[in-house]
Amino acid sequence: MGTSHRAFQRDPDWASHSLGIFICLNCSGIHRNIPQVSKVKSVRLDDWDDAQVEFMASNGNNVAKAKYESKMPPFYYKPTFLDCQLLREQWIRAKYERKEFIHSEKQEPYSAGYREGFLWKRGRDNGQFLSRKFVLSEREGALKYFNRNDAKEPKAIMKIEHLNATFQPAKIGNPHGLQITYLKDNSTRNIFVYHEDGKEIVDWFNAIRAARFHYLQVAFPGASDADLVPKLSRNYLKEGYMEKTGPKQTEGFKKRWFTMDDRRLMYFKDPLDAFARGEVFIGSKENSYKVLEGLPPSTQGNHWQHGITIVTPDRKFLFACETEDDQLEWITTFQKVISRPMLPQEYAVEAHFKHKP
């Protein structure tokens, strides 16, 4: 019968008997919203007639995949069960309702190499969302946005080389919330946007991935698609609140929002700040980076009791977590990063961090 939507969840107790596929509970709800395409039944609880059973037996997920993903571009993001509802819903609609991966011309919104439109963008200082024109151009190698419709000059030019996009509905407070980051003077700058239309914002996300894919194909001519696809966009390894103290370790501990993005540990006063207050580069154990549970015995000023010490070649960084679970999750995340050998280009990033004023 073929495998289930394994990417989504382990137990496919549901089926679409019009598409001939098995699906998990989570996806069954999305399929029910497109009844003209997908008719859903429980594998265990509903009655099945012989014709339906026969149809399932002669189709199955592998057959459906071969048909409905036959022209899927390598850069298109295929969500897993860990991804937000929006990504999963738009994937199912793109695949079965709009048949975007059967008909290449339907991929124009994200594969053309150029896209412009309006997104609601959070103001850097006042936190209000205002409509802003965005233009993504592969030819110019940049994503730009304009503060006024008639503005000649963009407010920001974000190079495709340093661009990342990740859906952050909970943090942004909108089910379609997308966080776009780029490097400005070697520091990370955050932009928070959304569009009322779920397809539109997912098309923007995949257009950014397409632009990154084509940029990387030129930058790494020998690389295979499989090498490049994981580099197109990154979800954060972990985010959340911790307390931190300064380099002298005599200042009081302050509560900050932390984001672990690849090897950059950034901290913000507020989760929706445009710029990080500071960034810590976390290298590998071969380069003398270590993570330790707890804080040095002389430490004072922390309100939270569950300490973490990160040892770098230059200094120690002290953090405190509110709960033991938080502490364990952060330590696990840091250990994963530290146990990964450094790539040649990461040495250049590390060198920059060392020379930061």
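1. A cavity, as the word is used in this note, is a set of grid points where a 1.4 Å probe fits but cannot get out, and a residue lines it if one of its atoms is within 4 Å of a point. With that in hand, please keep in mind that this is a predicted model. Searching the whole structure turns up two cavities of 30 Å³ or more.

2. Let me start with the largest cavity, which holds about 50 Å³ of space. Its lining is made up of Lys 121, Arg 122, Gly 123, Arg 124, Arg 189, Asn 190, Ile 191, Phe 192, Leu 272, Asp 273 and Ala 274. Two strands, S4 (114-122) and S10 (187-194), each contribute at least two residues to this lining. Strand S10 has the largest share, with four residues. By class, the lining of the largest cavity has five charged, four nonpolar and two polar residues.

3. The second largest cavity holds about 40 Å³ of space. Around it you will find Glu 108, Pro 109, Tyr 110, Ser 111, Ala 112, Gly 113, Tyr 114, Arg 115, Leu 136, Glu 138, Ala 207 and Ala 210. Helix H5 (108-111), strand S4 and helix H7 (198-219) are the elements that give two or more residues to this lining. Helix H5 gives the most, four residues. Here the classes come to seven nonpolar, three charged and two polar residues.

4. Next, the open space. The largest pocket holds about 990 Å³. Of the 29 residues that line the largest pocket, Arg 212, Arg 234, Asp 262, Gln 345 and Val 349 lie nearest its centre. Strand S9 (178-184), helix H7 and helix H10 (344-354) are the elements that supply two or more residues to the pocket lining. Twelve of the lining residues are nonpolar, eleven are charged and six are polar.

5. Which element gives the most to the lining of the largest pocket? That is H10, with five residues, and this helix deserves a point of its own. Glu 346, Glu 350 and Phe 353 are buried in H10. Viewed down the helix axis, the buried residues of H10 fall within an arc of 55°, so they line one face of the helix. As a reminder, an α-helix has 3.6 residues a turn, so residues three or four places apart point the same way. Pro 344 and Ala 348, on the other side of H10, are exposed. The cover over the buried residues of H10 includes strand S13 (264-268) and strand S14 (278-281).

6. On annotation, an unreviewed UniProt entry places the feature "domain: PH" at residues 112-213 and at residues 235-339. In the model, residues 112-213 are 45% strand and 20% helix, with the end C-alpha atoms 13 Å apart. Residues 235-339 are 38% strand and 14% helix, and the end C-alpha atoms of that span lie 19 Å apart.

7. Is Val 53 buried, exposed or partly exposed? Val 53 is partly exposed, because its relative accessible area is 42%, and that class runs between the cut-offs of 20% for buried and 50% for exposed. From the C-alpha atom of Val 53 to that of Arg 277 the separation is 59 Å, and the two residues are 224 residues apart along the chain.

Technical notes:
Residues are numbered from 1 along each chain as its sequence is written. This is a predicted model: local features need pLDDT of at least 70, side-chain atom pairs count only at pLDDT 80 or more; totals for chains, interfaces and linings use all residues. Side-chain values use heavy atoms; hydrogens and water are left out. On a 1 Å grid over the protein atoms alone, a cavity is a set of points where a 1.4 Å probe fits but cannot get out, and a pocket is an open set with protein on both sides within 12 Å along at least five of seven lines; lining residues have an atom within 4 Å of a point. Grid points are joined across faces, edges and corners, and a volume is the space filled by probe spheres set on the points. Ala, Val, Leu, Ile, Met, Phe, Trp, Tyr, Cys and Pro count as nonpolar, Asp, Glu, Lys and Arg as charged, and the others, Gly among them, as polar. Buried means under 20% relative accessible area, exposed over 50%, partly exposed in between (1.4 Å probe, protein chains only). The arc is that of the directions from the helix axis to the C-beta atoms. Contact means heavy atoms within 4.5 Å. UniProt positions are given in the numbering used here, feature names are shortened, and annotations may be inferred rather than shown by experiment.
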